[in-house]
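Look at the sequence and structure first.

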There are 2 protein chains.
Amino acid sequence: MDLWFSEYHSKDVKFSVRIEKQLYSGKSDFQRIDVFETKELGKFFTLDGYIMITEKDEFIYHDMIVHVPMATNPSIENVLVIGAGDGGTVRELTRYNSIKKIDMVEIDKLVVDVCKEYFPNSTSGLDDSRVSLYYEDGLKFISEKVKEYDLIIVDSTDPIGPGEGLFTSEFYKNCYNALKINGILVNQHESPFYPEYARLMQRSHKRIKEFFPISKVYQVHIPTYASGHWLFGFASKTFDPVSDLDADRWNSLGLVTRYYNTDIHKGAFAIPNYVKELLEKS
Amino acid sequence: MDLWFSEYHSKDVKFSVRIEKQLYSGKSDFQRIDVFETKELGKFFTLDGYIMITEKDEFIYHDMIVHVPMATNPSIENVLVIGAGDGGTVRELTRYNSIKKIDMVEIDKLVVDVCKEYFPNSTSGLDDSRVSLYYEDGLKFISEKVKEYDLIIVDSTDPIGPGEGLFTSEFYKNCYNALKINGILVNQHESPFYPEYARLMQRSHKRIKEFFPISKVYQVHIPTYASGHWLFGFASKTFDPVSDLDADRWNSLGLVTRYYNTDIHKGAFAIPNYVKELLEKS
């Protein structure tokens, strides 16, 4: 048996993983879902053929999408998570006793059901009493909210298929309106290296900075995503993610993390010149 | 025509690039050398089947292996470069007027000859009058030097084949002896994510810190190397790469770089917890 899964990172570059066996394949109203078992990456799942999380490196993505905003503003109590059907983002959020309420809006119930079965570690926070799970369109859900959240995390697929609305100007404007005066928006922000992804990164940045006075990106090493060089967007009404970080305060919480630390929090906002230029041109 | 080059990043993960055509294939006394043309990555070359540089991202590697030590100590005058047959490291070094002498020791003349033909941008510094090129074994060359260099850059292949001696304790000890009192050693330090590479990273770190009072690693996003998460080692007798950086001074030089800047210099030394743990265990 010589079975390989491949994902194209550009038209001419692909990343392939040897598969032990396929564990699941299904189709929802929104997308195709597949789960695979591998020796190198543990289990992973794909949506429409794109890797979402692998057991080996999901901690990197979830550490960096959650702990960066949480360490910047320790007073965050009400959080909205959009997408994130694998549960990893909510799992990290539930580690903070200071959080009172987490609304998670995932359009595709099947993603959550499949992840509950195959990725119990990732979904372990979904039963927390502070979590309300809505199987709805995030774009519609947020349009009805005004000054309700301290933090919005957009943990979406790429802007192709069901994730598309989560990269529009209208959506970012609604995020701005749904946030309180000290609100923070963090979103998965694509990648700078391959042109197909870089265009999405530029477009997202351009749209977010129209609405938010503070709009930065930070970078993370995620080996199973295109180029391994992934970005998150940090936008806010008041908080600066570097100068407002109180490292001692976050470290006093005693949270054990495998990627995040307060040094890498600051370091991640230092980005290469070629990425800066792409963002400035956007 | 559907021609692909593949490199295994672990036994079960591979990275593939669509090839327009093969431009060169040859064999030296030390290794096999191949040059390919692609649409996505420009030209690239391999040694024994491993990607060395691609036109698209070689600037990242060379920026970070050169400008980090040069910005840390602006008084560097005498430099030894080991390996680096593609010329990119010397090209970046020759941009500093303050450097008086660069000895480059590459065991394989054919690598330099092939790169001169196919990568003229990369090799453009080799004709600089300050450069002396030695086609010798770096391990032997350095064993005869005492307190001669301000900076040694080990820009080697992985420790398999001709690069193997450049990862031994004996070699690092000789580097220590060949450096002046303020000397700095920078080496390519492999990668933390896939176990085969992580073991090499751990071993290299363990050996270097036996000899150097200051021994750190810093990380770089190099998309065409295994996992995209690459490390360099920074070891020195006196200089700390973060606290001794004078950003204003380096910025006043006016060097234009596409990856390096003084913020990323500092940020690159902030490494993830899982990498720290691997290094501490080494």
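The notes below cover the cavities and their linings.

This is a predicted model, where local features need pLDDT of at least 70, side-chain atom pairs count only at pLDDT 80 or more, and totals for chains, interfaces and linings use all residues. Residues are numbered from 1 along each chain as written, chains are lettered from A and ligands numbered from 1 in written order, and side-chain values use heavy atoms, without hydrogens or water.

A search of the whole structure finds 5 cavities of 30 Å³ or more. A cavity is a set of points, on a 1 Å grid over the protein atoms alone, where a 1.4 Å probe fits but cannot get out; lining residues have an atom within 4 Å of a point. Points are joined across faces, edges and corners, and a volume is the space filled by probe spheres set on them.

**Largest cavity**
- The largest cavity holds about 440 Å³.
- Its lining has 35 residues, and B:Leu47, B:Met52, B:Asp155, B:Ser156 and B:Thr157 lie nearest the centre.
- S6(B) gives the most to this lining, with 4 residues (strands are DSSP E runs of at least two residues, helices H or I runs of at least four, numbered from the N terminus).
- The cavity lies between domain 1 (3-54) and domain 2 (58-281) of chain B, because both give residues to its lining (bounds come from an automatic or database domain assignment).

**Second largest cavity**
- About 130 Å³ lies in the second largest cavity.
- Strand S12 (214-221) and helix H8 (262-267) of chain A, and strand S12 (214-221) and helix H8 (262-267) of chain B, each supply at least two lining residues.
- Among the 17 lining residues, A:Gln219, A:His221, A:Gly267, B:Gln219 and B:Gly267 lie nearest the centre.

Note on methods: 1 Å grid on protein atoms, 1.4 Å probe; cavity = no way out; pocket = protein on both sides within 12 Å on 5 of 7 lines; lining within 4 Å.
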